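Hello,

Here is the structure you asked about. Please open it first, then read the notes below it.

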Amino acid sequence: MTISQETVQHVAKLARLELTPEESERYTQDLGKILTLVEELNQVDLSQIELGMDASTPTVFRADQAVREFSREELMANAPHEEDGFFRVPKILGDSAG
C-alpha cells in the first residue's frame with residue numbers, strides 16, 4: 001500500500017508537527033512500509049487459533065502473601081538519605097504562599 005506525502009502532511013498538521021521536506025519523504029516511505037506489513041498480517045488465517053480470553057472469562061487472582069518482612073535497618077541501608085528512620089526526599093510541592 002502506498003501513502004502520499006499529502007496524507008503525511010495532513011497527519012503531521014493534525015499532530016501539530018512541523019516536518020521538513022526530508023522528514024516528510026522519510027515518513028511517507030516508512031508509513032508505506034508499515035501499512036504493507038499490516039496488509040500482510042491481515043492475510044494470515046486465524047480461523048484455527050483458539051482465543052485465549054474473552055469478556056466472560058473470570059480473572060483469577062491469587063491471595064497476597066508476605067514472603068519476607070524486612071527490618072527498618074535493612075530497608076534504610078538502601079536509602080541515599082535517611083532522617084529519623086524515614087526516607088528523606090527532595091521537596092516537590094511548594095507552599096501556597098508563594
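The side chain of serine 24 makes a polar contact with the side chain of glutamine 9, at 3.0 Å. Please keep in mind that this is a predicted model.

Serine 24 is part of helix 2. Is serine 24 buried or exposed? Its relative accessible area is 1%, and the limit for buried is under 20%, so serine 24 counts as buried. Apart from residues within four places in sequence, serine 24 is in contact with Gln5, Val8, Gln9 and Leu19.

Threonine 28 is also found in helix 2. The side chain of threonine 28 reaches back to serine 24, where it meets the backbone oxygen at 2.6 Å. Threonine 28 has a relative accessible area of 11%, and therefore it is buried as well. If residues up to four places away in sequence are not counted, threonine 28 touches Ile3, Ser4, Gln5 and Val8.

**How the two helices pack**

Several of the residues above belong to the contact between helix 1 and helix 2. On the side of helix 1 the residues are Gln5, Val8 and Gln9. On the side of helix 2 they are Ser24, Glu25, Tyr27, Thr28 and Leu31. Sorted by class, this contact of helix 1 with helix 2 has three nonpolar, four polar and one charged residues.

Two packed helices are described by the angle between their axes and the distance between the axes. Helix 1 covers residues 5-14 and helix 2 covers residues 21-42. What angle do helix 1 and helix 2 make where they pack? The angle is about 105°, and the axes are 9 Å apart. That makes helix 1 roughly perpendicular to helix 2, because angles of 65 to 115 degrees are put in that class.

**Arginine 16**

Between helix 1 and helix 2 there is a loop, and arginine 16 lies in it. Arginine 16 is exposed, with a relative accessible area of 76%. Its backbone deserves a look too. Most residues other than glycine have a negative phi. Phi of arginine 16, however, is positive, near 60°.

Aspartate 84 lies in the loop between strand 1 and strand 2, the latter being residues 86-87. Like arginine 16, which is exposed, aspartate 84 is exposed, here with a relative accessible area of 68%.

Strand 1 itself consists of residues 82-83, and glutamate 82 lies in it. What does the side chain of glutamate 82 reach? It comes to the backbone nitrogen of glycine 85, at 2.7 Å. Leaving out neighbours within four places in sequence, glutamate 82 is in contact with Met76 and Arg88. Glutamate 82 has a relative accessible area of 44%, which puts it in the partly exposed class.

**Salt bridges**

How many salt bridges does the count come to? The count is four, and I describe some of them here.

- Arginine 26 forms a salt bridge with aspartate 30, and the closest N and O atoms are 3.7 Å apart. Both residues lie in helix 2, four residues apart, which is about one turn of the helix. Arginine 26 is partly exposed at 43% relative accessible area, and aspartate 30 is partly exposed at 31%.
- Arginine 62 and aspartate 64 meet through their side chains in a salt bridge, at 3.9 Å from N to O. The cut-off for a salt bridge is 4 Å, so this pair is counted. Arginine 62 counts as exposed, at 68% relative accessibility, and aspartate 64 is exposed with a relative accessible area of 74%.
- Glutamate 74 and arginine 68 also have side chains that meet in a salt bridge, with an N to O distance of 2.6 Å. Glutamate 74 is partly exposed, with a relative accessible area of 34%.

**Where to start**

When you go through the model, begin with the side chains of serine 24 and glutamine 9, which make a polar contact. Then follow helix 2 to threonine 28, and look at the loop that holds arginine 16.

Regards

Notes: Residues are numbered from 1 along each chain as its sequence is written. This is a predicted model: local features need pLDDT of at least 70, side-chain atom pairs count only at pLDDT 80 or more; totals for chains, interfaces and linings use all residues. Side-chain values use heavy atoms; hydrogens and water are left out. Axes are lines fitted to C-alpha atoms, for helices over the stretch in contact, and angles run from 0 to 180 degrees between N-to-C directions. Angles under 35 degrees count as roughly parallel, over 145 as roughly antiparallel, 65 to 115 as roughly perpendicular and the rest as oblique. Contact means heavy atoms within 4.5 Å. Ala, Val, Leu, Ile, Met, Phe, Trp, Tyr, Cys and Pro count as nonpolar, Asp, Glu, Lys and Arg as charged, and the others, Gly among them, as polar. Buried means under 20% relative accessible area, exposed over 50%, partly exposed in between (1.4 Å probe, protein chains only). A polar contact is a pair of N or O atoms within 3.5 Å; within protein, one must be able to donate a hydrogen and the other to accept it, and residues adjacent in sequence count only if both atoms are side-chain atoms.
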